[in-house]
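Subject: Structure for your files

Dear colleague,

Here is the structure we spoke about, with the sequence. My notes on it follow below.

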Amino acid sequence: MEAITIKDIARALNLSTSTVSRALRDSYEINPETKRLVVEYAERFNYRPNPIALSLKENRSRVIGVIVPQIANNYFSQAINGIDAIAYSRGYQVIIFQSHESYERELLIVQQAVARKVDGLLISLSGGTADVAHLRDLQNRKLPIVLFDRVSKELDSLCVTADNFTGAFAATEHLIQSGRRRIAHLAIPSYISITQERLAGYRAALEKYGLPYDENLIRYSEFNQNDVDPVVNDLLNQSPDAFFAAGDRLALGCLAALKKRNVAIPEAISLIGFTNTAVADLLAPPMSTVVQPALEIGQVAAEQLIDLIEGKQKVAQPNMIRIPTRMIVRASSQPVDMVTKA
């Protein structure tokens, strides 16, 4: 059955199109009886507003662009679920792009999103993005932008991220309180915002307990867990008694590398990750991790962006929203005395 239009309803009820339009918007200008007739007719014949016509009238597409480094990543999948739920509840559609950790691809994607007339952008920067001039240019052209997870201090933008500092501090403190003293930190590339925040939390915990910060125990790795093996091998030369990985993909790679070398976990070396991958409790041993609240980050970021689009929020200066993390302790980081007693 072909969809009916406002003109069809107006013709059938012998009303003007403007009257029908106002009645469907529940305008106070239209009397209740006319509203009832219009709404009942619209429902009976399954009237649906034309999104293209609405976008032309409102000068908005009611579409937001979401750019993530990788969709095949549990964290970003959860964040997208949160974004989509909020967007749907507020009458927006979502177009999802992935940069595959490439700055060049991110540039192209941003251009594609703008060409599709999105009302705003939610973006988590790629691993290769150090220069944010392309986003600053869009802001100068008044396109609302909210950064989430991986953000940049070089951009005057609303940012929504996990409380990475506190999460990393808690993870490191837990390892120290469990009897570990030489804690290796396996991080993602150093120029990414979350790397700097998690490293700062790690350093602060060491300082609190009077432990030295040793650059020899820090290594930076790319995002592929298959690349972790040689990094772990190098770190083992420094005689660590624990590993704190700044991401669960790195932690999984670290776990595999330690098992390959028959290193007992946690008897010889403890391990804790960051994100809480869906399989963390199924590993052998089950892996301790800091939970990064991906769903909530996505929801808050989407709410902030739509408020900007609709003019409900004015940004006078950069604003950082940090969502609390929490730690789940499992067998991979059992205290030394508990391991000994067992």
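Helix 6 and helix 7 are roughly parallel to each other. In this predicted model, the axes of helix 6 (residues 103-115) and helix 7 (residues 133-140) cross at roughly 20° and come within 10 Å. Angles under 35 degrees count as roughly parallel, so the pair falls in that class. Their crossing is left-handed. On the helix 6 side, the contact is made by Tyr103, Glu106, Leu107, Val110 and Val114, and on the helix 7 side by His134, Leu135 and Leu138. Sorted by class, this contact has 6 nonpolar, 1 polar and 1 charged residues.

Gln111 also sits in helix 6. With a relative accessibility of 54%, Gln111 counts as exposed. Between Gln111 and Ile123 there are 13 Å from C-alpha to C-alpha, for a separation of 12 residues in sequence.

Helix 1 packs against two other helices, and I take them in turn.

Against helix 2 (residues 17-24), helix 1 packs at an angle of about 110°, and the axes are 8 Å apart. That angle makes helix 1 roughly perpendicular to helix 2. Helix 1 contributes Ile6, Lys7, Ile9 and Ala10 to the contact, and helix 2 contributes Thr17, Val20, Ser21 and Leu24. These residues divide into 5 nonpolar, 2 polar and 1 charged.

Against helix 3 (residues 32-44), helix 1 (residues 6-13) packs at about 120°, with 11 Å between the axes. Helix 1 is therefore oblique to helix 3. The contact consists of Ile9, Ala12 and Leu13 from helix 1 and Leu37, Val38, Tyr41 and Ala42 from helix 3. By class, it has 7 nonpolar residues, with no polar and no charged ones. The crossing of helix 1 and helix 3 is right-handed. Ile9 is listed in the contact with helix 2 and again in the contact with helix 3.

Next, the backbone. Most residues other than glycine have a negative phi, and most peptide bonds are trans. Which residues other than glycine have a positive phi? Asn14 is one of them, with phi near 55°. Asn14 lies in the loop between helix 1 and helix 2 and, at 70% relative accessibility, counts as exposed. Asp149 is another, with a positive phi of about 65°. Asp149 belongs to the loop between strand 4 (145-148) and strand 5 (158-162), but is buried, with a relative accessible area of 3%.

There are also cis peptide bonds to note. One runs from Ile265 to Pro266, with omega near 5°. Pro266 is in the loop between helix 11 (248-260) and strand 9 (270-275). Another cis bond joins Ala284 and Pro285, where omega is about 0°. Pro285 is in the loop between strand 9 and strand 10 (288-291).

Last, the cysteines. How many disulfides does a search of the whole structure find? The search finds 0. Cys159 is buried, at 3% relative accessible area, and Cys254 is buried too, at 0%.

Regards

Note on methods. Residues are numbered from 1 along each chain as its sequence is written. This is a predicted model: local features need pLDDT of at least 70, side-chain atom pairs count only at pLDDT 80 or more; totals for chains, interfaces and linings use all residues. Side-chain values use heavy atoms; hydrogens and water are left out. Axes are lines fitted to C-alpha atoms, for helices over the stretch in contact, and angles run from 0 to 180 degrees between N-to-C directions. Helices (H or I, at least four residues) and strands (E, at least two) are DSSP runs, numbered from the N terminus. Angles under 35 degrees count as roughly parallel, over 145 as roughly antiparallel, 65 to 115 as roughly perpendicular and the rest as oblique. A crossing is left-handed if the near helix is turned anticlockwise from the far one by less than a right angle, and right-handed if clockwise. Contact means heavy atoms within 4.5 Å. Ala, Val, Leu, Ile, Met, Phe, Trp, Tyr, Cys and Pro count as nonpolar, Asp, Glu, Lys and Arg as charged, and the others, Gly among them, as polar. A disulfide is a pair of cysteine sulfur atoms within 2.5 Å. Buried means under 20% relative accessible area, exposed over 50%, partly exposed in between (1.4 Å probe, protein chains only).
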